[in-house]
Number of protein chains: 2
Amino acid sequence: MKTTNRNLSRALCAVAAAAMWASTPALAQKRTDEPVSTIPAVRNIDPAKVELGKKLFFDPRLSKSGFISCNSCHNLSMGGSDNLKTSIGHNWQQGPINSPTVLNSSLNLAQFWDGRAKDLKEQAGGPIANPGEMAFTHELAIDTLKSIPGYVAEFRQVFKHDKLTIDEVTSAIAAFEETLVTPNSRFDRWLDGDNAALSKNELEGYKLFKDSGCVACHNGPNLGGNSFQKMGVVTAYKTASTAQGRVEVTGKDADRLNFKVPTLRNVELTYPYFHDGQAQTLTVAVDLMGRLQLGREFTKDENAKIVAFLKTLTGQQPQFALPILPPSSDKTPPPRPFN
Amino acid sequence: MKTTNRNLSRALCAVAAAAMWASTPALAQKRTDEPVSTIPAVRNIDPAKVELGKKLFFDPRLSKSGFISCNSCHNLSMGGSDNLKTSIGHNWQQGPINSPTVLNSSLNLAQFWDGRAKDLKEQAGGPIANPGEMAFTHELAIDTLKSIPGYVAEFRQVFKHDKLTIDEVTSAIAAFEETLVTPNSRFDRWLDGDNAALSKNELEGYKLFKDSGCVACHNGPNLGGNSFQKMGVVTAYKTASTAQGRVEVTGKDADRLNFKVPTLRNVELTYPYFHDGQAQTLTVAVDLMGRLQLGREFTKDENAKIVAFLKTLTGQQPQFALPILPPSSDKTPPPRPFN
């Protein structure tokens, strides 16, 4: 009886959802000739794998201290970033670089500012074992997870085998991260043909963004993330940061200070800006980008219009229930925050 | 048209929910003569205030560093605690005491281990301004919130006035925390008359829990939280902790090492145990409590039965969407994690 009623409940809700779907108004002509495109829908989702990855993303037991999780520096309440100049790692170490947003990161050509990880799966293993970040080892992280019966069961259910290695962990985290897209920004609605989605001011900002050359690097669905470019093309960038960028991966001197172009999606939420977090506001970031990369000094009015446009790139933030983590067992090694 | 369909959707879902509700089986006689009672339902909820409080609870901008939120030490993914012996504060300071769970904390007679805050509202202001925890001041926290347009609008909507002080902040956080109850544990289902909710072993554990005297302090709806008791009644407690307990509030020497009796609700999730976090497992905690408080050495079998009973106290964890925080503005003072 209870099952029948639950099925009835599901069926009625499905009918209701279909009714809403059918009511989406017909849209005007899509804009397909722009250098920016809408965010593609997420495909091939394995819900159980995503759910497991979400738990791991929020689990501080993947760190030596038991205090730092992926979400600490890629906080999904705050645009998938930590809103700090550079991140805080184990033992309050000051990180060398600004935490890039995890939102829409599946659209990037590679991961990390220097692109040293080819995809999200490869990236996910990095911070866990980085002594300045989560300060654990893959081996200890796996030992911890294997001691937690709830995880063991869930990994088995998702992967259909009993192996629990860093491969399964990073694969699940990456599957969750692939769902972290932010569709339906006002700019995307405009691209989809909704002329009322942008104000005159914002449209003028977009035109300036295109005409002055910003779009040369910040293009595609992620407005960036698809190339490496030198920080300081026209004028050298002054920074206290020691990050050298792409050269650390390729060894080629020509790649010095080449960084992955950051996405501008949700840029309103991902302050402060640049690899060193030096620009606290969009106004400062736009001004500096104009001078450093384009040799152009934007007027106050131009700057404000570009900033207004950039704020239309804030999309729907991922909505999901805070995961409840399976408890440790008596065999779980206690975290070691202070030694 | 869209609105009509949305209303249809809501109506159909309501029908579906009612159908499920109607199928709840009739329960046997409730057990009302036990020293433990079920968790009372939350009343008088102001949903907008709770939503605002939830955002504040998750917002690290209430800390000097911009890195530590209420949820850092009262992690709602982990039983409302941090699962560390003692907590990590600003600049990785080692806290003096084990973080008590925020779950069901509205049922406690007072807040903090020494009861120095009379209620949740008073408690909520403590960690923000504690130099060893969030290391901010109330003034700076308010300045920060006032610079965030999304918060200013939300405070106005909730409180129907333009005042934004620490009073409004702690009142909203407390409202959210009052919703963090965990009903429907297996033990509560047994109290409600469901005889199949507990195994024979678990029931024997409950009987031992009552007969050997644990229930003298761990009683009521929260199985604790309703009195202060000395840690080490029969045998003195050996600890490196300098926490002195209730004496620090009353100044009375008789209150030395008197602590608020912790709740046993969700105790399976809130390891490690005691004010100093010295007991890593329930087995150790039960053993030590027997020796220290009751002068009784539980056999291995007795200990296992009590632990089995304690694990039936895990209730439904609060389920809610991770809040999306309103972004800072150009006027928001940047966090200062490293100075």
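**Helix packing up close**

Modeller: Start with chain A: of its contacts between residues at least 6 apart in sequence, 71% join residues at least 24 apart. Two residues are in contact here if their C-beta atoms, placed from the backbone, lie within 7 Å. Keep in mind that this is a predicted model: local features need pLDDT of at least 70, side-chain atom pairs count only at pLDDT 80 or more, and totals for chains, interfaces and linings use all residues. As for labels, residues are numbered from 1 along each chain as its sequence is written, while chains are lettered from A and ligands numbered from 1 in the order in which they are written.

Chain A has 12 helices and four strands; these are DSSP runs, with helices H or I of at least four residues and strands E of at least two, numbered from the N terminus. Of its 339 residues, 45% count as buried. Buried means 20 or more other C-beta atoms within 10 Å of the residue's own, exposed means 12 or fewer, and partly exposed is in between, again with C-beta atoms placed from the backbone.

Now for the part you asked about, in chain B. Helix α4(B) takes in residues 120-129, and its buried residues are L120(B), K121(B), Q123(B), A124(B), P127(B) and I128(B). They sit on the same side of α4(B), because they cover an arc of only 160° around the axis; the arc is that of the directions from the helix axis to the C-beta atoms. What do they pack against? Their partners are α5 (138-146) and α7 (166-178) of chain B.

That α7(B) also meets α2(B), residues 47-57: their axes come within 7 Å and cross at roughly 100°. Axes are lines fitted to C-alpha atoms, for helices over the stretch in contact, with angles from 0 to 180 degrees between N-to-C directions. On the α2(B) side, the contact uses K49(B), V50(B), L52(B), G53(B), K54(B), L56(B) and F57(B), and α7(B) brings V169(B), A172(B), I173(B), A174(B), A175(B) and F176(B). By class, that comes to 10 nonpolar, one polar and two charged residues, where Ala, Val, Leu, Ile, Met, Phe, Trp, Tyr, Cys and Pro count as nonpolar, Asp, Glu, Lys and Arg as charged, and the others, Gly among them, as polar.
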